[in-house]
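Visitor: I'd like to learn how to read a protein model. Could you walk me through it?

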Amino acid sequence: MSYHDLPDEALNLTGFMDAPTAIMVTSNRTILRVNTEIELLFGWNRVDLEGQTTRLLYPSSIDFEKIGSRWSRWLQNRPRYEDERFMQRKNGEIIWVRARARTLSPGDPFQLMVWTFEHLKDRVPSSSALTPKEREVARHIVNGHTSKEIGQAMGISPRTVEVHRASIMRKLGVHNAAELVTRMIIASY
């Protein structure tokens, strides 16, 4: 049987499941359905995601609460919203993504929503002044890697990593690694 012979319902399901973008359907911040790209992006199996709260995909409870509050206010007056934020993969890796959502229930925005996610591999928040190397170092820092580990991964010396780290901290206006991670993960919201 060819795709042309599929009933509309099967074709719609195929279009959702095999879409080349990560798509998720939620109800009150609980995951109802995900497609294959969501599995690839976040590293979770569909069976493990569906029925879970979206909190599972956030680096912290603070992120989950702040973003939820912001989206709720925005969606009361508009059906669509978009932002960029850190999210977390199953293996604990923190990634920078563009999230887009549309509410299908404007009177109660979180009741039924469709989301798409795009992994922004080469960007971090407030990074317009950062060089590409600094962005790469910043991604490693937010994932908890040491200067030695970052140097090994990037093929540079730990001392060069420290120079990049100092430059990042200066450019982002932070004084230590904890502030840097907080700025990159939480304060950007």
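Guide: Let's start with Trp-71, which is buried because its relative accessibility is 0%; buried means under 20% relative accessible area, exposed over 50% and partly exposed in between, with a 1.4 Å probe and protein chains only. This is a predicted model, where local features need pLDDT of at least 70, side-chain atom pairs count only at pLDDT 80 or more, and totals for chains, interfaces and linings use all residues. Residues are numbered from 1 along each chain as its sequence is written, and side-chain values use heavy atoms, leaving out hydrogens and water.

Visitor: How many aromatic pairs are there?

Guide: Rings of Phe, Tyr and Trp (its six-membered ring) pair if their centres lie within 6.5 Å; planes under 30 degrees apart are stacked, over 60 edge-to-face, the rest tilted. That rule gives seven aromatic pairs. Trp-71 and Tyr-81 are edge-to-face because their planes sit at 65 degrees, with ring centres 4.5 Å apart. Phe-42, Trp-71, Trp-74, Tyr-81, Trp-115 and Phe-117 make up one aromatic cluster.

Visitor: Is Tyr-81 buried or exposed?

Guide: Tyr-81 counts as buried, because its relative accessibility is 12%.

Visitor: Which ring does Arg-29 lie over at 3.7 Å from the centre?

Guide: A charge sits over a ring if NZ of Lys or CZ of Arg is within 6 Å of the ring centre and within 35 degrees of the ring normal. Here, Arg-29 lies over the face of Phe-64 at that distance, 3.7 Å. Arg-29 also lies over the face of Phe-110, at 5.6 Å from the ring centre.
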